[in-house]
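Student: I have a model to work through. Can we take it piece by piece, with the cut-offs stated?

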Amino acid sequence: MPQILSRLFRIILFFNIICFIRAVPLPFSNDLICGYQACNPIKEGYINIHLVPHSHNDVGWVKTIDQYYYGVPIEKFTGAVQYIYQSVLDSLKRNKKRKFIVVETSYFWKWWQLQNEETQEDFSQLVYNGQIEFTGGGWSMNDEAVTHYQSIIDQMTWGLRRLNDTFGDCGHPKAGWQIDPFGHSSEMASIFAQMGYDGVILGRIDFQDKRHRKSTRAMDMVWRGSESLGPKSDIFTSVLFNLYDAPDTFCYELGSCRIISLVDDPESPEYNMDKREWDFFNLMDYFSRSYTTSNVLIPMGRDFGYENAETWFMNMDKLINFVNGKEFNKRKYNVMYSTPACFIYGVHNETKGTINTTLKTDDFFPYASEVNKFWTGFYTSRPQLKRFERIGNNFLQVSKQLYALSGIYSEQRDSDLTSLREAMGVLQHHDAITGTEKQVVTNDYEKRLHKAIVNCENLTNEALSVLVKNEMHSTFGHCLLVNISQCDYSEENDQFVITVYNPLSRFVNKYVRLPVLGGSYLVLDPAGDEVLTQIMPIHAKILKMPGRESNATVELLFQAKDIPPLGFKSFYVQLLKGNATIAEDDTGKFKANYEHIGFDINATTGILGKIYFENHITIDLNQTFQYYIGSNDKVSPSGAYVFRPQKNTSVTNVANKVSLNKLFKGPLVTELQQTVNNMASQTVRIYHEEKFLEFDWIIGPLPNYMLNGREVITKYSTNFNTNGIFYTDSNGREMLKRVRDFRPTWNLSTHELESSNYYPVTERINIKDPNQDIQLSILTDRAQGGSSLEDGDIELMLHRNTKLDDYLGVDEELMDWAYNTGVVVRGSHYMIAGRNILSLEKDIAERKLLDAWTFISKPDEDNFLDYQRLNRMEFNGLGVVLPQNIHILTLEPWDNFTFLLRLEHVIAKGEDVSFSQPITINLSELFTTFQIISARETTLGANKWLDESEKLSFRSINDQPQPELSFNSLNEMDVTLNPMEIRTFMIRTEPRILFM
Ligand SMILES: *[C@@H]1O[C@H](CO)[C@@H](O)[C@H](O)[C@H]1NC(C)=O
Ligand SMILES: [Zn+2]
């Protein structure tokens, strides 16, 4: 159908006429004194005190984003972002020595867009002369425990893009500023390093770890985030002495601090400079003895501080003037306005990059702030929100890809996509996806994400229409509520088309499931061949899910086979008259055994007994649902952040028996539908062509009258001899070894035996039995807290509520509420076991993260043949077959004809004999709908050209210098990827002729 081309071309040309309007022109580059040139120099032989004015602006927490921005409602006034920006701006203009850092780009961008040109000009001047420095610079200050690396990279990239577009080089943050997240991941360290940051500042590390570091002057270190990437993932890291608040008695926030104003007039009876100087030097003397170099970073700010910036700056001006250059305790002090980047630069100047502490190679989890406060509850808090965020990411990637492949660039579509980018960016915030915000704020996040998904439907709809029918209109819907088995499209229509889009860069199979009212359906694939179907009864618990409005009691199921990479296949579905093909009710038989997978049920308890996997692997398994009861300690209870079970009360079984077991067998899938009691239900599922067992659990509503709440886990017990060792992932990327009751770099001492052994499981957890050389892995569909508290066990916390607040500021019990009742959560664990299951594990993880997306449409044609003739039913976006270990992490429209492309190697060094090798691929023929005419590499954050990016290099004194691996490509279109490497390119493209 050749006219599709010309039509596509016309569309593309039309939207080509887009101009980019910049409110404030960039000054000539030699006017710029931002960056390290703007730093006050450190002085040799002095203690160099870097005072860093900052304001910590949570992107939602006890109030919503907009409430914080505007400063409403009146009864909960905590400081408003709009006033902070204005006030800081005025104060910085008064005195060129003053500095300030801007951290959360979502707030900056909101403020910036509402300003007139004059204010923008003023602000820009302060950026260009180095008084304002962007630090961190992500859309939000993301959490590091429960976030996925794909979403972290996206949210950082989006914040950095706004800064680069607005301020060019002066908008590039050089320092990470992760001063509030609740523990720190090695993947985040690696991401910062790959984004070209020179260092990162942390606030919250375990109090015992901090104590140890202070006493050994190890608050500064080089951290290697990835074993595979080696020195490329090294980042200089410094930990704040306390948290990010200004030190006691030096807080100058009007209205909330007890301000001791400095009186420097010697004639005044209120003169107090000598006393204040003494206090200041005492503190600095104490702080500086914990740091590795002469440089100490002192945060001068607090939550939503600087609403009246002048109060801070007037006092700091006086302080600096008075104390700078003086001597105390035989040490001289250089005290200055500074920024995190200037601090890092100071450290680099002093050490020439060699840091005199041990190289750190593990992570900072779990985080405990005090003896009884292990912040491991938030790994699970608000599981529904945590899942919704993953769905948001899935749809964001689908939207970006379809947008790029269809070539329908326009400003409107850009803004639709941007609304989803922003909603996802906000969700990564350390009080969003963590579940540590108030209920109303959770509701606001969910509303934002939902609205953004709806906006993006316009885009996916039009993109698909162009790819399917060469038209800009058509209605491809999707069913966001399939998790509660509700879908208007499939329930209301006797005839519909399912278009399954695959965002992975390889062929996949997917089982499509849709709630339907009919009993029997004909499903035709693109060739017109009939596809095997099955009708499966819906679990009784799902029929009663709060909020469900559907009459469907069964689901239609079929397998969509070989869906092309970055492509789709359509299936034509028609209701048949006649008998239903409902799966056979096999209840009463206590096993489901297929050649490569199966299970037995214990006839007395109804609980699974044995499980079987490929290669004759049999494992004795005992799966239970249990709950912890929160501590009675009123001072340190379980809450949104903290998990603290009651002492001496062992975890309790939800029920000792499964109260109802139903077993259904069909040609495609076998399901054991279990009702444990009214708190817990589950379906154990075997898809006959899959190698995993799926545990599809439903928990809730949790009783809300229990004094200490309920924290529900499922525990998979085996007889593996694990010696206290288990493994969990770091933000869904590399695996880390965990050892029960042990920390690699300091001596752990604790009575919190459960909580101190919980780790974030963003994607998977596994145990190994060295005797049998078998590994058992469980993959999750969202982040959860997990552990192995006894050898052979894996436990994962599924859902929780607490009747008490844990006194960390959210000031609300964790009830997790929806539809006027406690949230009912449904989710899946995918279990595999065997000897060499790494590639299987990756395969499942990828398919669950970026699931093939099911679109539904009502055909314009009334029969299959007409539909087939007039619509493209199969489409492949990739022109080449990529090796199994290479993935397209990002394909995203950036500007007209310019896309962002990220390729990643997904296997770690030494993980697999054949897949852990460097691989070279060629870009030119990568995609079918466009040709790449040039590619220029950037840093991971896409805000700097790689060949122009400069970085301060740091190494730990105990690290052996390693030769850099480098590969010279013969051709600029050849890209070599080493194990775990991600490479980012800005590609210029030209549309290509589509064939049909
Ligand atoms: C950053 O912004 C500048 C100025 O707008 C632009 O010329 C440059 O291409 C951008 N850099 C990247 C890597 O996109
Ligand atoms: Zn915060």
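**Strands, bridges, domains and backbone**

Student: In which strand is the place of Ser 681?
Tutor: This is a predicted model: local features need pLDDT of at least 70, side-chain atom pairs count only at pLDDT 80 or more, and totals for chains, interfaces and linings use all residues; side-chain values use heavy atoms, leaving out hydrogens and water. Residues are numbered from 1 along each chain as its sequence is written, while chains are lettered from A and ligands numbered from 1 in the order in which they are written. Helices (H or I, at least four residues) and strands (E, at least two) are DSSP runs, numbered from the N terminus. Ser 681 falls within residues 680-687, which make up strand 30.

Student: Does Ser 681 count as buried or exposed?
Tutor: Buried means under 20% relative accessible area, exposed over 50%, and partly exposed in between (1.4 Å probe, protein chains only). Ser 681 has 1% relative accessibility, so it counts as buried.

Student: What distance separates the C-alpha atoms of Ser 681 and Lys 541?
Tutor: Contact means heavy atoms within 4.5 Å. Beyond four places away in sequence, Ser 681 touches several residues, including Lys 541, Phe 625 and Trp 697. Lys 541 is 140 residues away along the chain, yet its C-alpha atom is separated from that of Ser 681 by 7.1 Å.

Student: How many salt bridges does the structure hold?
Tutor: Side chains of opposite charge can pair when their charged atoms come close. The cut-off used here is a side-chain nitrogen of Lys or Arg within 4 Å of a carboxyl oxygen of Asp or Glu. The count for the structure is 62.

Student: How many residues apart in sequence are the parts tied together by Glu 861 and Lys 469?
Tutor: The two side chains meet in a salt bridge, 2.7 Å from N to O. Glu 861 is in the loop between strand 43 (853-857) and helix 18 (864-870) and Lys 469 is in helix 14 (residues 439-469), so the sequence gap they span is 392 residues.

Student: What is the relative accessibility of Glu 689?
Tutor: Lys 561 is partly exposed, with a relative accessible area of 37%. Glu 689 counts as partly exposed too, because its value is 49%.

Student: How much area do domain 1 and domain 2 bury between them?
Tutor: Domain bounds come from an automatic or database domain assignment, giving domain 1 (2-12 + 878-991) and domain 2 (32-137 + 173-364). In contact are 23 residues of domain 1 and 30 residues of domain 2. Buried area is the accessible area (1.4 Å probe) that two parts lose on being put together, summed over both. Of this area, 53% lies on carbon and sulfur atoms, and the total is about 2200 Å².

Student: Which residues of domain 1 lose the most area to domain 2?
Tutor: Three residues together give 31% of what the domain 1 side buries. They are Lys 951, Leu 952 and Phe 954.

Student: What separates the centres of domain 1 and domain 2?
Tutor: The centres are taken over C-alpha atoms. The distance is 35 Å.

Student: What is omega for the bond that joins Val 72 and Pro 73?
Tutor: Val 72 lies in the loop between helix 2 (65-70) and helix 3 (81-94). Pro 73 has its place in that loop as well. The peptide bond joining them is cis, and omega is about -10 degrees.

Student: What is the relative accessible area of His 616?
Tutor: His 616 lies in the loop between strand 24 (608-613) and strand 25 (617-620). Its phi is near 60 degrees, a positive value in a residue other than glycine. His 616 is exposed, because its relative accessible area is 80%.
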